[in-house]
Every structure is written in C-alpha cells, then in structure tokens.
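Subject: Structure handover

Hi,

Here is the structure I said I would pass on. My notes on what turned up in it follow below.

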Amino acid sequence: MSAKAISEQTGKDFLYKYICTSAAVQNRFRYANVTAETDFDRLAREHPWLLTERLVVKPDQLIKRRGKLGLVGVNLDLNGVREWLRPRLMKETTVGKAKGVLKNFLIEPFVAHKQEEEFYVCIYATREGDYVLFHHEGGVDVGDVDAKAQKLLIGVEEKISEDQVKKELLTKVSNDKKAVLASFIVGLFNLYEDLFFTYLEINPLVVTKDGVYVLDMAAKIDATADYICKAKWGDVEFPPPFGREAYPEEAYIADLDAKSGASLKLTLLNPRGRIWTMVAGGGASVVYSDTICDLGGVDELANYGEYSGAPSEQQTYDYAKTILSLMTREKHPDGKVLIIGGSIANFTNVAATFKGIVRAIKDYQVPLKEHEVTIFVRRGGPNYQEGLRVMGEVGKTTGIPIHVFGTETHMTAIVGMALGHRPIPNQPPVAAHTANFLLNTSGSTSTPASSRTASFSENRARIEGSPAKKAKPGAPVAKATTLFNKHTKSLVWGMQTRAVQGMLDFDYVCSREEPSVAAMIYPFTGDHKQKFYWGHKEILIPVYKNMSDAMKKHPDVDVLISFASLRSAFDSTMETMQYPQIHTIAIIAEGIPEAHTRRIIKAADEKGVTIIGPATVGGIKPGCFKIGNTGGMLDNILASKLYRPGSVAYVSRSGGMSNELNNIISRTTDGVYEGVAIGGDRYPGSVFTDHVLRYQDTPGVKMIVVLGEIGGTEEYKICQGIKQGRITKPVVCWCIGTCATMFSSEVQFGHAGACANQASETAVAKNKALKEAGAFVPNSFDELGEIITSVYDDLVAKGVIQPAEEMPPPTVPMDYSWARELGLIRKPASFMTSICDERGQELIYAGMPITEVFKSEMGLGGTLGLLWFQRRLPRYACQFIEMCLMVTADHGPAVSGAHNTIVCARAGKDLISSLTSGLLTIGDRFGGALDAAAKQFSKAFDSGMLPMEFVNKMKKDGKLIMGIGHRVKSINNPDMRVQILKDFVKQHFPSSQLLDYALDVEKITTSKKPNLILNVDGFIGVAFVDLLRTCGGFTRDEADEFVEIGALNGIFVLGRSMGFIGHYLDQKRLKQGLYRHPWDDISYVLPEHMSM
C-alpha cells in the first residue's frame, strides 16, 4: 500500500526537522514517549523540562478526537501525569467499534492560550492536486471542517504562495496573525510535498505573540517513496490502527514483502478465529473476505492477506508456514478451515507456488490434524492443473481433508462449502489440461485464417474507432475512443521476453497479419536483436538502448507497454510522452509514489494520452491486441475465448480479477469485446468512466461490466452518467470490499487504493448508489455471473446481440520449456553436476545449504571437501587442506610460474591473463609432482616393494622418483614447510603408512646425496593418500580414483594461485615497466659462418 499513517511523534519529528518558515515554531522536539516500561526518573533526566513546566499527556496510537473521548490530560505536573496515566496505561478502552489497549503515550509542554488563538489546518491529496483546508476556529469543537473551512486547491506541479494563502484562506484572520500563518502554511505545504505526505492535519494550531505551536497532529506518508525519502525519514515505524495489535508475524511477512519483487501481505484480525485464508491476488483476497463476511463468518475470520506477483517456492513456503503456525496455536471446538483461494493467474506459475504451500502443509501435518483443519483450494492460471494435482496428493498422503477445485468452479464457491452453506461435490469436473489446447496438429507454418467474424454482434463493416483528435494549443487533447485494433503496434520497455512471446502467441492465434510488438527498449544493453517465435517460425525483434531510436525507426507504433521498475517508471513514462505518436501507455509497475503518478496523469491529460496502470497487468482486446501478460497463458486465452471478440466489455481495478471476469463472461455470454484493468493504486492513470464512456461509444460493445472497489469515488461518475443518459447500455457493476464496514478496525487491503477515508468511499455505499442509478448490481460477488447471464439473455432475446457460430480456434505450438514444465516431454541433459545447486532459495554445496556451511565453521578446507570430494571431512582433514594451501601459496619470484606471472604483469596484461600464464607452467617439472608422487609411492607400497627395491627399480628404469629432491634444501638444511606438515600428520592422522614408507625412501636417497629429500610436493602427495584412505569417508577405490583423476595437483594449483596473484598485484603496485631479459644472462650460441 502507499498512504500509511504515522504516529504523532514521528509526524512532529519530521515537521520540526525540516519545515522552512519565517514563523517562530515553538517547543521543537519537546516531547517524551511513555510506555509500560518507562522509568520516569530516567525520563526526567533525559527531558529536564518535564520537572519545570506544566504538561499535556495523550495516547499516540492513531486515535481520532482524543479530546472528546477524555483521553487528554491537560495542565499537569509530572506527578499529575503519572496519576493520570495510572488508570489508563495498559488498560483496554473502546473507541468507536474498536477495542484496544492504551500502551503508548506522548507528554508535551502545556501551552496556555486563548480560544481565538486556535486554528485548524489540513492538507490532503486528491487526483487533481492537494487541498489546503483552513479554519479560523480550531480545537475539539471544530465540527464539520469540510463544510466550514476555506479550501485552496494547489494543482499538480503548481506552487503555493503566501499572497495566495492570505487571499484564499486567511480572510477571517486578524491582520496581526496573517503574515505568521501565511508563512507557516507555505512552509508546511512545502514540507508536505518534499517528504511525500498524503495527509497532514494540525488541530489546533496555536498562534500567540511568542510564535506558532503545533498542539495535535495526524499524518500519513506515501510509504512507496521510501527510496526517495529514506535519508530524511530514516526507519519509519507504521503503527497498526487502534484496536489491532502489531504481531511479530505481520512484521516478518512485511519484511519478506520488502525484500521480494512479489507482493506478500498479512493482517491478523482475530488469531482465535476458525476461518483462515491464504489467497493469491490483491483483488481476489478482498472478494474472499467479502464472501466470508456475507455468509456470516466475520467474527470467525482470523486474517486478511494475499500473495501475488509470482512469488518463488521458498517465499510461498515462508508465507504459508507463518499462517499454518498461527492457526495451529489454539484449538477451536468446531475445528478450523483454511481457504487457499485465488482468481485465474495471469503469469504466476501456480504449480511452483503450490509446491511451497505443500511443503508447509507437510511440515505442519501433525498440528493440522490435531486442530481438525479442513482445507479448500480453488485456483486457475499457468500450470494450475499440476498445482491442483500436487495439492490433492498431499491431502491423500497426509490424511488432511483437502478439497481441490479449478476454473470450472466459481471463484468463491469454496467459501460456501467451507462454511457449510453449500454441498461439497464428490468429483468436480476436470478442466482440460494445458497441453490439450496448445499442441498443433495441422503442421502448417502459415498464419491461420481468422476463426470468426469481427464480433458476434457487429455488422460485417469494419469499425475502427476514433483516433485522438487534435486540440487547440494549450487545451487538453481529446483521447482516442479505440485504443487497440488488429493493426496496433507497440513498443515494450524492459527485457520481458516471456510477456512479449505471450503477446506474439496471442497475435498468432488471433490471425493477425503481423506481430503487435515492433521493438523493445532496454537501456542496459547496446542495440541488438532478440529471437522470438511467430507460430512455428523464429523471428527477430529489435532491441534499442535509447527510446528516441526506437521511435524514429518505428513511426507506426502508438502504444508503449512499460515494464520499468517502480524507480524508473516515472522518468521513462515522462520521456515516452514527448513523442506525439504514442496514444496509449500501460504502466505495469506497482509501488510508484502517488505524487509521481499524479504528474504522469497531468502530462497525459495535456497530451491526450491514455494511461493504463500503474500497478496493473494491462488489458486485452480479443482478436486484436493484448498488453503483456494479460489473460494469462494460451490455455486460458483459448478457454475464455479471448482469441475473438464478443459483445461484453469490462473494466476492473484488479489484474487477477480481470482474468476471473474473462472466465465468468466467457461462460455466461458470447465473450469479451475488450477488458481493461486500470490498476489498484489510489490514482490510476485512467478511471472507470474513461473506459465505460469509450465502451458506450463503441458499436460492438452491447453491455458493460464494472468491477469496482472500496476507496475513491470514481464509481459515482458512472451513476451520474446513467442518470444523465450519457450511458445507455446495460451496466452490471459490483464494488468489492463490502466486508470493510464489518471490521472493528481499519484494514488496508491488497491494493493501495482499497481504503475508504469516508462513508461515501465504502463499497456498500457505492453498490447502493449504483443500484439506485439503474445499474444491475448483484447481492454479492457470488451472484455476479447470474446477473451477467440475465442481462445478456435479455439482450439476445431483444435481438441486440446475435450470437454467431463458433469456429474452432487456430493453434500455436507449445514452447519446449513449457512442455517440459508440464511433463509432456523429456530430454537428456547437456551437463550433469553433483556438487552444487544454485536453483533454489539457497545455494547448496554437495547437499549442504550455504547457511549450514557457515554455521558449521568448516572453513575453506571443509568447503573444498564438499566441492572436490563431496564429503564433509573431519576437522583435522579440513585443517590439513588449509595448511597445504598455505605452504604451497608461494615460493618466491624465481620459480617458473611466478616468473611468467611477473613478466606478463609487466607487459601490461590483466590479472586473469597473468595468472593463467603462471598456471600454464605447472606440470611434472614444476609443481605437478603431487599426483605423480602419490601414484609412484602408492603403487610401490601397495605392491609390497621394500623402499630399497623401489629406489633400485626406479634407477634401473632410468626414472626420477617424483617428490624426491630439492634445489636448495637438504637433509642438513631441512624445508620447514615439510617439518610443519609432518608434525601435524603424526599428531592428528589415524594412520600414515604411505608417509612412513616415503620417509624410509628418503633415508636411502639422502644417504647418496643430501638434497634428495622428500620435498613439499612429495610430502603432500603421500600424506593426502593417507588422508583419503584413513579418514573414514572413502572406500579404497574412491580414494584411488581421486588420485587418478588429478585431485591432488588441484591443491598446488589452488594454493599457488594465491602467490601468483600476489606477484601480479606487487608488480602493479610497484609500477614496474616492461620486462626485457638482460643480454649478459643469455648465452648466444649461433652456428659458425658457412661459405658455399
């Protein structure tokens, strides 16, 4: 959501820190917070003024009209404050319908003043700008300020001035206070704008000869502007509405939501309730809550929440386990029900999200059975059949009663079943599988012929609606009646290849002659071409770095679909509107600050551009064009007959519910003519009437369906249109959110705009007004399909709609990736791996999650054990590996590998090239003796040769003993690296037979020549064989295999890489120039001069 209430203390903190005004604002930062844990002695030391001034104390818990409720203690000393708090602090009280505990209080200095020194000021946001309300009388008896107060509208992007304030607002204020008040109000408005407030009320605002005092304050800020205002806001705490506790589980889900690109919401209403919900989709979650309340379940409804936006399996698991944990803490005598519901998803892989829920159900199967929980599931969307199958399977395997339904069942039917109001079918009808729709049997590669005429009810003549008309300079440009047709071309902003492919498949199945996507814009790469499918063929679609290039090269484009992030959507949309060829922009991103959205709306109105969104999935015009992921995958498009136009047009706020409307309308009428989801934000780019009036002026549309929502007043414009005769076509309308009036405390639903700020914004009030105006309004969402059927049948009976004969739709080949997802095909993998898996929520090394790797403190040696040997090695083995890496890390600049690295570095080569140059010298002569030594000594030892026999045989064969000999070190000048490793092995290894054998060989070789010692390579080689054979983690064959495949040389390569990198960095740091070998170190041996 966007607008969130903040505490009075937070609001005043912002005001005192950042207001810029010539008015003397008094008592800055003079407030103290009191809770049950407060130590008053310490509080007095931190705020000495508490002991010297008269005080005011009041609860700071989003309670309105505290003075009227007797919740303000006035003109007290500190002891008086303590006495006043004693019967109130941590005591339950009732405010309106809400019951809650008073637990957070604010103490401030008491300001003695006269009644005529009290004023009222309020600033609040609307679609067209920000209203400043001012009344010359403030305080507890201010009354109906909406009726009394002077109002000043500051339009979007307009500035406020002191003269304007004096002229419009301060007409009844004495002259001596006008200048101070004007300066303060201008400063307050600028603060309101800079810190992205959406509501700011001060009552009373006291002005005395000493200055301005902000006594009581209430405020809301736009939480989506956090990325802009973080530096000034800091970490803002958003308190829950009075009457609802703040639960740690809510904070946990809010944290998950903040870290995810998906949407995860949870509000606990009654943790002891028996009805729990886990609903996918912001709109659907409201519909389910409405239906539960309609059927009498309001007192037992435990929670409100939603998950949407394609959460991962892990995120869904975390969300589900939180709800299951909450619902299995306290038993209910009637058992409990869990409703896992949702509309038909547009792009969320239902099977993937259900896997997370199934995991949680398995983890909680015992407490779920103990609490007698029955689960009801209804879902549709991509791969929903597989999701329902696994959900049904987990019910059978765990013994938990789980009833599973798909798109054949009305969305909210499971609520009636769960609450015992309708029977549970034994075997619900099975919907056709995704594969049944998509596999092409024709073998044709050409674009199929149209499967039907333009519309069931249109004349054969082509009807192309009006384009945007040109207006006089300075006047708003009229917007187009027809947004999309069969020739519409679009640009897609963002690398959304899946959405683009979905659009192309839709185009193909609609028999369009050309793809609707002309190009893509992606600022993070250079210009290139991206491959897509057009039916069976592969085609290339250009991708541009700059929007200007895309516009110049594609002048026929008039639609832009923006998948820009919430941070970049504003700038990219404003840039788009600089190009007159664009008439329609769809903004998909959710979470754009409201102030930015309003600026977009203003610019769009001036330029005659229709905005769909933000926070939307888009819209669809069957047979012509679809925006992004609208309508879901092809199985749903074909099931809902979206490949050809019908006679019914709809407009909805919710994207998920728009897909549900596609389903309902296709089952009850001849289908959808056009559908638009305007988006769930408070200020959508286009409103209901924008589209309803377009539909009214479109001959092919015969009836209109509107799915409204709690919050805002746009639905009343439909009432006016019907009453004034501007809208004459039948309108079926239902506003969701009727449950809100039944809750004791305010609930913010999934959409940012789904919150009623006054009685007229409630869904109940809007449904009543629509019915009175002449719209067809059902009694509940459950009856929406019946009303649509009734109105449609009446139009058919009157001959207004003439249903046409249905033709089989053309088919599109299924993508390989989706066919594999559905389990229809199999293919051998190109690679196999058994050491690492990065696909899940957490990286896994050889079966061990990375968090466990760190918790176990196994270090680099243990990690190497997992990745190289697929074993969790003993602690001493991990330490030995790390010691080997340390002793092999470097051996000076003179050795061949380091020398090569240094020469490369001085030649100006990069790190990777220089390191590779050094590594390429490793072999039998330099550093590669580990494997060879391990093999030679192992073979001799295993064959039973005595050390002397081994030495004699190698001499006879004319072979060097690998790992024996050193250029510098000798028996008299031992290599301390070998000594350190030897001491460790003797102390920690359970057995060192091969090492002992090698040391016996060393005694023989050093007796002949003192430098024929067991060198560090040889030592590591034989000791590692002992480690593999005796640590208990490997069979003899496995240990020998690791030696055979070269694992031991890896120790030298890994260790010496550290040294090589060190030499590279050293040369760069010393700024050494190009290396040239000196002549006097080269022996030039040339052939003698040969004469003829």
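A word on domains before anything else: the bounds I use come from an automatic or database domain assignment. Also keep in mind that this is a predicted model.

With that in place, the protein splits into six parts: domain 1 (3-233), domain 2 (248-424), domain 3 (484-632), domain 4 (645-805), domain 5 (828-859) and domain 6 (873-1070). Going by C-alpha atoms, the centres of domain 3 and domain 5 are 39 Å apart.

For the overall picture, the C-alpha atoms take up a box of roughly 115 × 90 × 80 Å along the principal axes. The protein has 38 helices and 35 strands, and 54% of its 1092 residues count as buried.

There is one annotation to pass on. The unreviewed UniProt entry puts "domain: CoA-binding" on residues 483-592. In the model, that stretch is 25% helix and 29% strand, with its end C-alpha atoms 24 Å apart.

Now the aromatics. Searching the whole structure gives 25 aromatic pairs. Take Phe-926 and Phe-1052: their ring centres are 5.7 Å apart and the planes meet at 85 degrees, so this pair is edge-to-face. What does the pair tie together? Phe-926 is in the loop between helix 31 (911-919) and helix 32 (929-942), while Phe-1052 belongs to helix 38 (residues 1047-1069), so parts that are 126 residues apart in sequence are joined by the contact.

Another edge-to-face pair is Phe-1034 with Phe-1042, at 5.7 Å centre to centre and 80 degrees between the planes. Both of these residues are buried. They also belong to an aromatic cluster, together with Trp-868, Phe-869, Tyr-876, Phe-880, Phe-984, Phe-989 and Phe-1024.

Two arginines sit over tyrosine rings, if you want to look at charge-ring contacts. Arg-359 lies over the face of Tyr-317, at 4.0 Å from the ring centre. Arg-644 does likewise over Tyr-643, at 6.0 Å from the ring centre.

As for open space, I looked at the second largest pocket, which holds about 1100 Å³. Its lining counts 32 residues, and those nearest the centre are Arg-925, Ile-964, Gly-965, His-966 and Asn-1015. The elements giving two or more residues to that lining are helix 33 (947-956), helix 35 (993-1008), helix 36 (1016-1030) and helix 38. Which of the helices gives the most? That is helix 33, with three residues. Helix 38 is also the one that carries Phe-1052 from the pair above.

That's what I have for now.

Cheers

How values were computed:
Residues are numbered from 1 along each chain as its sequence is written. This is a predicted model: local features need pLDDT of at least 70, side-chain atom pairs count only at pLDDT 80 or more; totals for chains, interfaces and linings use all residues. Side-chain values use heavy atoms; hydrogens and water are left out. UniProt positions are given in the numbering used here, feature names are shortened, and annotations may be inferred rather than shown by experiment. Helices (H or I, at least four residues) and strands (E, at least two) are DSSP runs, numbered from the N terminus. Rings of Phe, Tyr and Trp (its six-membered ring) pair if their centres lie within 6.5 Å; planes under 30 degrees apart count as stacked, over 60 as edge-to-face and the rest as tilted. Buried means under 20% relative accessible area, exposed over 50%, partly exposed in between (1.4 Å probe, protein chains only). A charge sits over a ring if NZ of Lys or CZ of Arg is within 6 Å of the ring centre and within 35 degrees of the ring normal. On a 1 Å grid over the protein atoms alone, a cavity is a set of points where a 1.4 Å probe fits but cannot get out, and a pocket is an open set with protein on both sides within 12 Å along at least five of seven lines; lining residues have an atom within 4 Å of a point. Grid points are joined across faces, edges and corners, and a volume is the space filled by probe spheres set on the points.
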